[in-house]
Amino acid sequence: MALTLYVDTARWRAHQKHMLEQFPGIVPVCKGNGYGFGHERLAEEATRFGSDVLAVGTTYEAARIKDWFSGDLLVLTPFRRGEEPVPLPDRVIRSVSSLDGVHGLVGARVVIEVMSSMKRHGVSEQDLPHLHAAIEDVRLEGFAIHLPLDRADGSDAVEEVIGWMDRLRAARLPLHTMFVSHLKADELARLQQQFPQTRFRARIGTKLWLGDHHATEYRGAVLDVTQVAKGDRFGYRQQKAASDGWLVVVAGGTSHGVGLEAPKALHGMMPRAKGVARAGLATVNRNLSPFVWGGKQRWFAEPPHMQVSLLFVPSDAPEPQVGEELVAHLRHTTTQFDRILDH
């Protein structure tokens, strides 16, 4: 019995097809845990729909994925002098975000990242006059700009890219290819229309693999069910049951990513209020689990274990049976499944 990722394959691939039509020349991204699907599966999907390049997060990921994908591999983490050397084939393209990085990759295939309003990394406008000589020693595959997801100041993503295109053109740098992130399809079309001599390629991960929320579902199998009465002690910490009900052991624990959550940016009073309420409940050992039974998310009876979780289901809900599965609302990028089933 397992924590299973179910994939409605036809629906999932129909969404991929829609994205490919919206973003011609798309560069699929496969990094981290492979957006919950794993590197091998996403490499197979990228091969199936004919991608010539696959973007990965690190050189270590490139070293693993190279045996599953035969096209070019674009490493998104910028090169830094002194990094651990990882043996990679010539079809690997390195990102660079500094003049020093360009000078350190003589003979290599590179994409040069420019500094966007993200202010994370990238070459500055002041670096551009010095790039002319530097790129003579590398094989330049293009420039790239990584844009923020939200624009609280009301600024225009397209105008930000246009600004950089104008700066690069003024510096007489080659503009045959520009890799972009976090643009909408209509924004990409606007740029392509304005700069017909440049090929714009959108690097997309989340929207490509996880854009249709109904195409995938996690479910954890019920392994054991034990009836308890109010006041009965249970678990590692021997807490008391708050009321009559059942202790339900379900597949999926911390080794799967259950109970581990990345911080979220909260916008508006209601989400903030809910966040404060959840934090308050956590201080008295009341933590809502991702598992759903009887139409409701159920509470952890105690913190999740390594491979299973212990839930409390009150007596006014249906009694779970061993072998049944509970839908789990889990974040793909932090979850490791036991198995994946296509249906």
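Predicted model: local features only at pLDDT ≥ 70, side-chain atom pairs only at ≥ 80, totals over all residues.
Residues are numbered from 1 along each chain, and side-chain values use heavy atoms, without hydrogens and water.

**Annotation and confidence**
- An unreviewed UniProt entry lists residues 10–153 as "domain: Alanine racemase N-terminal"; such annotations may be inferred rather than shown by experiment.
- The mean pLDDT (the predictor's confidence in each residue, from 0 to 100) is 93, and 92% of the residues reach 70 or more.
- Over residues 272–284 the pLDDT is below 50, and this stretch has 5 contacts (heavy atoms within 4.5 Å) beyond near neighbours in sequence.

**Domain arrangement**
- The domain assignment, automatic or from a database, gives domain 1 (7–210) and domain 2 (216–342).
- The C-alpha centres of domain 1 and domain 2 lie 38 Å apart.

**Interface of domain 1 and domain 2**
- In contact are 9 residues of domain 1 and 12 residues of domain 2.
- About 900 Å² is buried between the two domains (accessible area lost on being put together, 1.4 Å probe, summed over both), with 52% of it on carbon and sulfur atoms.
- Val 7, Asn 33 and Gly 36 supply 49% of the area that domain 1 buries against domain 2, more than any other three residues.
- The interface holds 1 salt bridge (side-chain nitrogen of Lys or Arg within 4 Å of a carboxyl oxygen of Asp or Glu).
- Arg 41 and Asp 342 form a salt bridge, with their closest N and O atoms 2.8 Å apart.
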